[in-house]
Amino acid sequence: MHAGDEMRDAGTVVDLFCGAGGLSEGLRQAGFRVLAGSDIDDAAGKTFVATHPEAEFFLGPIQDLTVAKLLRATGLKKGELDVLVGGPPCQGYSVYNHGRGVHDPRAGLFREYLRIVKGLMPKWLVMENVSGLTSIADGGIIREIEEGMGALGYRVKWKILKAEEYGVPQERRRIVFIANRIGAPIEFPRPTHGPGLLPYVTIWDAISDLPVLVNGDTAGADFYATLPVNAYQAELRADVERLSNHTASRLSQVNLQRMKHIPAGGSWRDIPFDLLPEGMKRAKRSDHTKRYGRPRKTDLSCTILTKCDVHWGAYIHPEQDRAITVREAARLQSFPDFFEFKGSRTEQYVQVGNAVPPLLGRAIGMALLESAAAAQDSDRRILPNQPEMAFA
């Protein structure tokens, strides 16, 4: 669904820490109307503005964003916003950051989210972050989030969601907090993919229609290699005709030599000892399981990070001797192809890796609608003339 396409208006959304707009896009696909976004990342902001023309964007630190600015931009009064969403930057929490902890200043940005909550008092809250949040300070940050929302009159639940269970071709775990102040039940999206359900969407399902590139092909490719061969490709392509963000980073000659020894399903263990990086020559065979990984076509992708570096993960193309492109990473995150990521290639990878997969966002949005509908049905049984409580 392209930005600006006609959809039913399920409710209004403001997205803090919006990045390129993955969560916003998912909620928009569920029928919500995105009114505003905010982020400190200029390149991500340019992507958000280009893909969310209906929304106001605020560039700068969250500490500088006032409730008054948001109310003016949205035309709403306190208490009228349906959903406030946000994913405070996760680097302070991430399991990939071994020095993570509450001392990291980035790990306190959720308090700014709560400041905006207090000023806007939306009906619903959605906050997401990395699953590693559960292990910090014996769950102290989770308790602080729950207590902070509770003190403002919200009932809150959290759950770790697996992106691949909602049609995203990637193993990705995110903790999602859902809260409301209207007495509605809180339900998380039910998985749609997995054993006994729809089959997982694989890497090849996601990227097989993209054109072949050679290492360092910075000219990229503007046109698809084939027509869509499955529903996933058809949905993400929609009516896009010209491809964007499909260029290949230039890897060193030694990395090219290493990749030639790595089969599909292989990794650094397949590289001859004399070609290994010096630091990895001392590694145990059980270490660095994803490094220099070349996934099979039938695999789910490993977690897309902010840098798809073959030295750090399974980011080698299944068939071609190169790293995956920004567009391939975006496909593995379920971004529609009309998203053209702005900035340098490095900034583009960061935007894709930091995002909530839109299909996961859509599943969350649909769960909110189901919860609100259940509350309204319950109210009508008790008070037949009760007005709707939540979404338009």
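## Two loop residues with positive phi

A238 lies in the loop that runs between α7 (231–237) and α8 (253–259). This structure is a predicted model. The phi angle of A238 is near 50 degrees, a positive value in a residue other than glycine. Most residues other than glycine have a negative phi.

S334 also has a positive phi, near 75 degrees, and is likewise a residue other than glycine. S334 belongs to the loop between α9 (326–332) and α10. Because its relative accessibility is 1%, S334 counts as buried, the cut-off for that class being under 20%.

## The sheet

Seven strands make up an open sheet with mixed pairing, in the order β3-β2-β1-β4-β5-β7-β6. The strands at its edges are β3 and β6 (155–162), each of which pairs on one side only. On average, neighbouring strands of this sheet are turned by 15 degrees against each other, direction ignored.

At one end of the order, β2 and β3 are paired in the parallel sense over four bridges, and G37 has F57 in β3 as its bridge partner. Helix α3 packs on the sheet, where it touches β1, β2 and β3, and its direction makes about 160 degrees with that of β3. Helix α5 also packs on the sheet; it touches β5, β6 and β7, and its direction makes about 20 degrees with that of β7.

Strand β4 has a parallel partner in β1 (residues 12–16), with four bridges between them; here V14 stands opposite L84. β4 also pairs in the parallel sense with β5 (residues 124–130), again over four bridges, and V85 has V126 in β5 as its bridge partner. In a regular strand the side chains alternate between the two faces of the sheet. Both faces of β4 are covered, with V83 and V85 buried on one side and L84 and G86 buried on the other.

D82 is located in the loop between α3 (67–74) and β4 (83–86). With a relative accessibility of 5%, D82 counts as buried, because that class takes in values under 20%. The side chain of D82 forms a polar contact of 3.4 Å with the side chain of K123.

## The nonpolar cores

The largest nonpolar core has 34 residues, of which L16, L84, Y113, M149 and F177 touch the most other members. At least two residues of this core come from each of β1, β2, α3, α4 (110–120), β5, α5 (140–151) and β7 (173–180). The greatest contribution is that of α4, with six residues.

The surroundings of L84 can be described in detail. Apart from neighbours within four places in sequence, L84 is in contact with V14, L16, Y113, I116, V117, L120, P122, W124, L125 and V126. A second, separate core holds 31 residues, among them A20, V201, A329 and A355.

## Helix α2

Helix α2 (residues 42–51) has A43, A44, G45, T47, F48 and T51 as buried residues. An α-helix has 3.6 residues a turn, so residues three or four places apart point the same way. The buried residues of α2 pack against α1 (22–29), β2 (33–39), β3 (56–59) and α10 (345–354).

At the start of this helix, a side-chain oxygen of D41 comes to within 3.0 Å of the backbone nitrogen of A43.

How values were computed:
Residues are numbered from 1 along each chain as its sequence is written. This is a predicted model: local features need pLDDT of at least 70, side-chain atom pairs count only at pLDDT 80 or more; totals for chains, interfaces and linings use all residues. Side-chain values use heavy atoms; hydrogens and water are left out. Buried means under 20% relative accessible area, exposed over 50%, partly exposed in between (1.4 Å probe, protein chains only). A polar contact is a pair of N or O atoms within 3.5 Å; within protein, one must be able to donate a hydrogen and the other to accept it, and residues adjacent in sequence count only if both atoms are side-chain atoms. Two strands pair if DSSP finds at least two bridges between them. Contact means heavy atoms within 4.5 Å. A nonpolar core is a set of buried Ala, Val, Leu, Ile, Met, Phe, Trp, Tyr and Cys residues joined through side-chain atoms within 4.5 Å. Axes are lines fitted to C-alpha atoms, for helices over the stretch in contact, and angles run from 0 to 180 degrees between N-to-C directions.
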